[in-house]
Amino acid sequence: MTELALETGIRRLLFLIDASDRSRELLAHAEALQRSGASVEVLLLHAVEPVRCWEVLKFRSEAEVAQHFAERAGIFLQLASERLQAAGIPCRSYCRSGDPATLLRALAEEQQCSAVVIPRQSCLGQPFGLQRRLQRQAGAVPVLAL
């Protein structure tokens, strides 16, 4: 975390935002922290995984597919940002293309976040999917699965 953030006690949290209800539920965590008196800043990331499916690329160019997903990302990020701003929580939005786990780790370290906050993904008590990939990657920023 930056020196300013340490001195002021600001928690800089990175959230992965998509169209799911689970990702929107994460915003409630930031709102609860803010209500409890914690200083919170939120970074919102929408990760667009590159489309390599020939069935899609047969009818649309990679540029057209990327444009479509960028437009959708803008909607998700705007809705989340508006909700946080209404709660008095400063936030910034990012849309990047690539593997979500890699993008989260890179942005969290680049922006010196306190934590990466993701939806819990587990089966029989064992993490899977994005949660498991993040736990396997080395990184200084802790991952909080809610």
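Residues are numbered from 1 along each chain as its sequence is written, and side-chain values use heavy atoms, without hydrogens or water. In this predicted model, local features need pLDDT of at least 70 and side-chain atom pairs count only at pLDDT 80 or more, whereas totals for chains, interfaces and linings use all residues.

Helix α5 spans residues 100–110. Helices are DSSP runs of H or I with at least four residues, numbered from the N terminus. In α5, P100, A101, L103, L104, R105, L107 and A108 are buried. Buried means under 20% relative accessible area, exposed means over 50%, and partly exposed lies in between (1.4 Å probe, protein chains only). Just after α5, Q112 takes a positive phi of about 50°.

R105 is buried but has no salt bridge. A salt bridge needs a side-chain nitrogen of Lys or Arg within 4 Å of a carboxyl oxygen of Asp or Glu. The nearest side chain of opposite charge is E109, 5.1 Å away. Lys and Arg count as positive, Asp and Glu as negative; His and the chain ends are not counted. A polar atom of the R105 side chain lies 2.6 Å from the backbone oxygen of V141.

S23 sits in helix α2 (residues 21–35). S23 is buried, at 1% relative accessible area. Beyond its neighbours within four places in sequence, S23 is in contact (heavy atoms within 4.5 Å) with L16, I17, D18 and P119.

The disulfide count is 0, with a disulfide taken as a pair of cysteine sulfur atoms within 2.5 Å. C91 is buried at 15% relative accessible area. C95 is partly exposed at 39%.

Technical notes:
Helices (H or I, at least four residues) and strands (E, at least two) are DSSP runs, numbered from the N terminus. A polar contact is a pair of N or O atoms within 3.5 Å; within protein, one must be able to donate a hydrogen and the other to accept it, and residues adjacent in sequence count only if both atoms are side-chain atoms.
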